[in-house]
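Subject: Structure handover

Hello,

Here is the structure I promised to pass on. Please open it first, then read the notes below.

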Amino acid sequence: MNIFINAQKQVRSIWLVAIFFIVLAAFTIPLIIISQQYGWEVTIAHQAIIVIAATLFCQLMRRKPMSELTGGFNLSAVKNCLIGIVAGALLMLFPAMFLMMCGFIDWQLGSGDVLSILNTTGVFILVAVAEEFLFRGFIFQRLRKSTGVWIAQLMIAAYFLLTHINNPGMTGTIKMLASINIFIASMMFGFAYIKTNSLVMPIAMHFMANWVQGTLLGFGVSGNEQARLMKPSFGDAPQWLTGGSFGLEASVPGLVCVIVTTFLLYRWKPIQAIEQSVTGKLNEEKTVTHSF
């Protein structure tokens, strides 16, 4: 057995994952060197461009279109985007409203102006694009091919957590809750991709969850502060209940909502999948009928 080439005479998926990281490093290292030389910052925009460029390079190497990973840009993509936006918003609104109704938090007017809010919104869009292309894009698809869905999900979730493990405020109970939440959230985004075969829904969910949590409600986003429309006041509420400065991602209500959303996505059967299943059964029935 050839450890590099499969039965279809193609490079095995696990080696394509390694090639992706080599290409990513080949793009990233020179950029870091140049940025240090000229004293400018490597921004999230640069990171998004690099991840997309590495993805495009690897897809061209395989002679496959980007749409294999991103899905087509059609009416289904618009629908999936809207579902992702609603799901991402509710993911943060539900725990926030629960905490407010129980009297654990209230809000004051935030200090963000129009320009800072727009800048923050742009950053959240780029974060969602960069992270979803990296974690649910090329390497996730190659791992699914070589290891199956569940192992791929667990591996990517561990990698997703590893990249967030040293975020500000990750100490004690907050670190434990945030780690569990981040790990499960990765699987949640993974199921959003698996069910739609498109990056549109996980990108929309990721962006909207961050935007509602940080820009609208004023919580921290993975321990980072940003311009916000409202500012929460926690009073004497324990951090495990509110997430403290880390954000709702490190709260028990937030964790419950992530678990529920992940389960719903796992059980969700998109209309396209149902139609394909029905069509397949009808074709089978026709084949059986014609065989007589």
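Start with N197. With a relative accessible area of 46%, N197 is partly exposed, because that value falls between the 20% and 50% cut-offs. N197 sits in the loop between α8 and α9. Its phi is positive, about 55°, although N197 is not a glycine. Most residues other than glycine have a negative phi. Keep in mind throughout that this is a predicted model.

A second residue of this kind

R63 also has a positive phi, near 60°, and R63 is not a glycine. You will find R63 in the loop between α2 (44–61) and α3 (67–70). Is R63 buried or exposed? R63 is exposed, because its relative accessible area of 77% is over the 50% cut-off.

The chain as a whole

The chain has 12 helices and two strands. In sequence order, the pattern is α-α-α-α-β-α-α-α-α-α-β-α-α-α. There are 292 residues in the chain, and 45% of them count as buried. Take the contacts in the chain with a separation of 6 or more: 73% of these join residues 24 or more positions apart. The accessible surface comes to about 15,700 Å². Carbon and sulfur atoms hold 67% of that surface.

Helix α8

Back to the helix that comes before N197. α8 has 25 residues, which should span 36 Å at 1.5 Å a residue. The end C-alpha atoms of α8 are 37 Å apart, so the two values agree. How many residues of α8 are buried? The count is 18 of 25, so α8 is mostly covered, with buried meaning under 20% relative accessible area.

Helix α11 and the nonpolar patch

α11 covers residues 252–267. The helix has 16 residues and reaches 23 Å from its first C-alpha to its last. That is close to the 22 Å expected at 1.5 Å a residue. At the start of α11, look at S251. A side-chain oxygen of S251 comes to within 3.0 Å of the backbone nitrogen of G254.

α11 has buried residues: P253, G254, L255, C257, V258, T261, T262 and L265. What do they pack against? Their partners are α4 (75–101), α8 (172–196), α9 (200–216) and α10 (239–242).

Which helix gives the patch its largest share? The answer is α11, with six residues. V256 is partly exposed, because its relative accessible area of 45% lies between 20% and 50%.

Helix α5

α5 runs over residues 114–135. L118 counts as exposed, because its 55% relative accessibility is over 50%. T120 is buried, because its relative accessible area of 10% is under 20%.

What does T120 touch, leaving aside its neighbours within four places in sequence? The contacts are T215, Q226 and A227. T215 also comes up with L118. L118 and T215 are 97 residues apart in sequence, yet 9.7 Å apart in space, C-alpha to C-alpha.

Salt bridges

How many salt bridges does the structure hold? It holds two. Side chains of opposite charge can pair when their charged atoms come close.

E68 counts as partly exposed, because its relative accessibility of 34% lies between 20% and 50%.

The side chains of R136 and E132 also meet in a salt bridge, at 2.8 Å from N to O. Are R136 and E132 buried or exposed? Both R136 and E132 are buried.

Where to look

See N197, with its positive phi. See the nonpolar patch, where α11 supplies six residues. See the buried pair R136 and E132, which meet in a salt bridge.

Best wishes

Note on methods: Residues are numbered from 1 along each chain as its sequence is written. This is a predicted model: local features need pLDDT of at least 70, side-chain atom pairs count only at pLDDT 80 or more; totals for chains, interfaces and linings use all residues. Side-chain values use heavy atoms; hydrogens and water are left out. Helices (H or I, at least four residues) and strands (E, at least two) are DSSP runs, numbered from the N terminus. Buried means under 20% relative accessible area, exposed over 50%, partly exposed in between (1.4 Å probe, protein chains only). The expected span of a helix is 1.5 Å times one less than its number of residues. Contact means heavy atoms within 4.5 Å. A polar contact is a pair of N or O atoms within 3.5 Å; within protein, one must be able to donate a hydrogen and the other to accept it, and residues adjacent in sequence count only if both atoms are side-chain atoms. Accessible areas come from the Shrake-Rupley method with a 1.4 Å probe; for residues, only the protein chains shown count as cover. A salt bridge is a side-chain nitrogen of Lys or Arg within 4 Å of a carboxyl oxygen of Asp or Glu.
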